[in-house]
Amino acid sequence: MPALGNEFMLRYKSHLRPAKQVWSSMLFYKRLYVSDKIKDPEIIKWRLRHRSGMISVYVLMLSRDCTRIDIMHSAFLQEKFYRSDPLYIIGLACDKDDAISLYADIVKEAVNKTGSTDVVSFLFHKEDFAK
């Protein structure tokens, strides 16, 4: 007589969800911009890497063509579209308004240091990103 647990696993094996893989291509800015409302950015970074769902997190990331900064809800990062190329995360915010004000702070910092509003050239250097 077979064990009931083995029979159950064989019958329902196709219904099991595969384990989520860690994104090795997600890179975070070394001086990551984090809004004041985020209490522990390391937990959020871990959840983003492991594709764990978060309702109230927005990310500031370098666009795919490396010409601008995009503000995106973290749920969109779970799409297959974003798994092929590396993602360069610049900042983390709790809501959209917070993300916009964080982006405004980055632009102000760029203008103060370089005199230009070109945020990408102000921020983007390969050595400024870490896994």
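Two exercises with worked solutions follow.

The model is predicted, so local features need pLDDT of at least 70, side-chain atom pairs count only at pLDDT 80 or more, and totals for chains, interfaces and linings use all residues. Residues are numbered from 1 along each chain as its sequence is written, and side-chain values use heavy atoms, with hydrogens and water left out.

**Exercise 1.** Find where Asp-118 lies, and state whether Asp-118 is buried, partly exposed or exposed.

Solution.
- Step 1: Asp-118 sits in the loop between helix H3 (96–114) and helix H4 (119–123). Helices are DSSP runs (H or I) of at least four residues and strands are runs (E) of at least two, numbered from the N terminus.
- Step 2: The relative accessible area of Asp-118 is 37%. Buried means under 20%, exposed over 50%, and partly exposed in between, with a 1.4 Å probe and protein chains only.
- Step 3: Asp-118 is therefore partly exposed, because its value is 37%.

**Exercise 2.** Find the strand that holds Asp-70, its burial class and its contacts beyond four places in sequence.

Solution.
- Step 1: Strand S3 (residues 69–73) contains Asp-70.
- Step 2: Asp-70 has 19% relative accessibility, so Asp-70 counts as buried.
- Step 3: Leaving aside neighbours within four places in sequence, Asp-70 is in contact with Val-59, Leu-60, Met-61 and Ser-63. Contact means heavy atoms within 4.5 Å.
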